[in-house]
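This report describes the fold of one protein chain in plain terms.

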Amino acid sequence: MRRRILLSGLAVTGLMGATANGANANNGKLNPQQLAQIVPQGWQVIAGKKLSREFKFKDFVQAFGFMTKVGIAAEKLEHHPEWLNIYNSVSIDLTTHDAGGITSLDIELATKINALL
């Protein structure tokens, strides 16, 4: 199935398919020029392979609540983050392992995460 999303005025189209475990993954790795135009605010591209962002909250309860919301959004997209929580800090990395880098699915999840703030 083809999936098209519109982010920051740039349409990104990618091929959506099933991974070995049945989850959806976008096999269309984005190149540096595409990424430069659509990386959501606050996110950094690390070595061209993942999106990364750190979030700080008032306390552990707020951080955990945020993680719960991210978990629900990730489950709906069938695309799950790599993350670390230490007290009031949540670090999130997004990548599409099957594609070997960042895809429009990572951009979509990062955008949804930003909307949860």
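## Central strands

S5 and S7 run antiparallel and are joined by six bridges. Strands (E, at least two residues) and helices (H or I, at least four residues) are DSSP runs numbered from the N terminus, and two strands pair if DSSP finds at least two bridges between them. Across this pairing, Arg53 stands opposite Ile92 in S7.

## Basis of the model

The model is predicted, so local features need pLDDT of at least 70 and side-chain atom pairs count only at pLDDT 80 or more, while totals for chains, interfaces and linings use all residues. Residues are numbered from 1 along each chain as its sequence is written, and side-chain values use heavy atoms, with hydrogens and water left out.

## Overall layout

The protein chain holds three helices and seven strands. Along the sequence these follow the pattern β-β-β-α-β-β-α-β-β-α.

Of the 117 residues, 40% count as buried. Buried means under 20% relative accessible area, exposed means over 50%, and partly exposed lies in between, with a 1.4 Å probe and protein chains only. Among contacts with a separation of 6 or more, 60% are between residues 24 or more positions apart; contact means heavy atoms within 4.5 Å.

## The four-stranded sheet

S5 and S7 belong to an open sheet of four strands, ordered S4-S5-S7-S6 with antiparallel pairing. Strand S4 (44–46) and strand S6 (82–86) are the edge strands, each pairing on one side only. From one strand to the next, the twist averages 25°. H2 packs on the sheet and touches S5, S6 and S7, and its direction makes about 165° with that of S6. Such angles run from 0 to 180 degrees between N-to-C directions, with axes taken as lines fitted to C-alpha atoms, for helices over the stretch in contact.

Trp83 stands opposite Ile92 in S7, and Ile86 stands opposite Ser89 in S7. S6 and S7 also form a hairpin, with two residues between them.

## Packing of H2 and H3

Two packed helices are described by the angle between their axes and the distance between the axes. The axes of helix H2 (residues 60–77) and helix H3 (residues 104–115) come within 10 Å and cross at roughly 145°. From H2, the contact uses Phe66, Val70, Ala73, Ala74 and Leu77, and from H3 it uses Leu105, Glu108, Leu109, Lys112 and Ile113.

These contact residues comprise eight nonpolar, no polar and two charged. Here Ala, Val, Leu, Ile, Met, Phe, Trp, Tyr, Cys and Pro count as nonpolar, Asp, Glu, Lys and Arg as charged, and the others, Gly among them, as polar.

## Nonpolar core

In soluble globular proteins, nonpolar side chains tend to be buried together. The largest nonpolar core in this model has 23 residues, and those with the most contacts inside it are Trp43, Phe66, Ile92, Leu94 and Ile113. A nonpolar core is a set of buried Ala, Val, Leu, Ile, Met, Phe, Trp, Tyr and Cys residues joined through side-chain atoms within 4.5 Å. Helix H1 (32–38), strand S5 (50–56), H2, strand S7 (89–94) and H3 each supply at least two residues of this core, and H2 gives the most, with seven residues.

Not counting residues up to four places away in sequence, Ile92 touches Trp43, Leu51, Ser52, Arg53, Phe55, Phe66, Val70, Pro81, Glu82, Trp83 and Ile113.

## Selected residues

Ser89 is found in strand S7 and counts as buried because its relative accessibility is 10%. Beyond four places in sequence, Ser89 touches Glu54, Phe55, Lys56 and Leu84.

Two loop residues other than glycine have positive phi values. Glu78, in the loop between H2 and S6, has a phi of about 55°; at 35% relative accessibility, Glu78 counts as partly exposed. Tyr87, in the loop between S6 and S7, has a phi near 50° and is exposed, with a relative accessible area of 51%.
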